Amino acid sequence: MQDVVQGVVIVVVAGFFLAMGVFGLVAPAALIRPFRMAADSAEARSEIRAVYGGFGVAVGGLLLVALADAGGLRTGVLVTVAVSLLGMACGRLVGRAVERPAAFYPVWCYFCVEVAAAGALLAVLR
């Protein structure tokens, strides 16, 4: 049963990263619009594609490799992705201290997703 739960958690988190990544590659301006940012240059769209798109697809793919536990990488991948998610959440806390964004969406919504996904990945480690 533990393997099934672990597999579901990995697939859900991988799906989140893959969806974000593909969206970032295909529609970079739409991805950042909720943050009231503009992708008004080729350089800005390229950066969004790299950071949100390429990184998201890479992490999602890495999680799928971890699902298969190829080469015994599962634990290392889960810890690495969880720590990365917690780093993003901590960055949002710094933003809260400096900028004080008040609306729940998008900043705090993503904060909750990041903390929940990190917690889930760490919780299912063997």
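**Exercise 1.** Which residues line the largest pocket?

*Solution.* First, a word on what you're looking at: this is a predicted model, where local features need pLDDT of at least 70, side-chain atom pairs count only at pLDDT 80 or more, and totals for chains, interfaces and linings use all residues. Residues are numbered from 1 along each chain as its sequence is written, and side-chain values use heavy atoms, leaving out hydrogens and water.

Next, the term: on a 1 Å grid over the protein atoms alone, a pocket is an open set of points with protein on both sides within 12 Å along at least five of seven lines, and lining residues have an atom within 4 Å of a point.

Now the list: Phe-16, Met-20, Phe-23, Leu-31, Phe-35, Val-51, Tyr-52, Phe-55, Met-88, Arg-92, Tyr-110 and Glu-114. Two or more lining residues come from each of α1, α3 (42-68), α4 (74-99) and α5 (104-123); helices are DSSP runs (H or I, at least four residues), numbered from the N terminus.

**Exercise 2.** Is Val-12 buried or exposed?

*Solution.* Start with its place, helix α1 (residues 2-26). Then check the cut-offs: buried is under 20% relative accessible area, exposed over 50%, and partly exposed in between (1.4 Å probe, protein chains only). Val-12 has 56% relative accessibility, so Val-12 counts as exposed.

**Exercise 3.** How many residues apart in sequence are Ala-120 and Ile-10?

*Solution.* Find Ala-120 in helix α5. Ala-120 is partly exposed because its relative accessibility is 25%. Along the sequence, Ala-120 and Ile-10 are 110 residues apart, yet in space their C-alpha atoms are 8.7 Å apart.

How values were computed: 1 Å grid on protein atoms, 1.4 Å probe; cavity = no way out; pocket = protein on both sides within 12 Å on 5 of 7 lines; lining within 4 Å.
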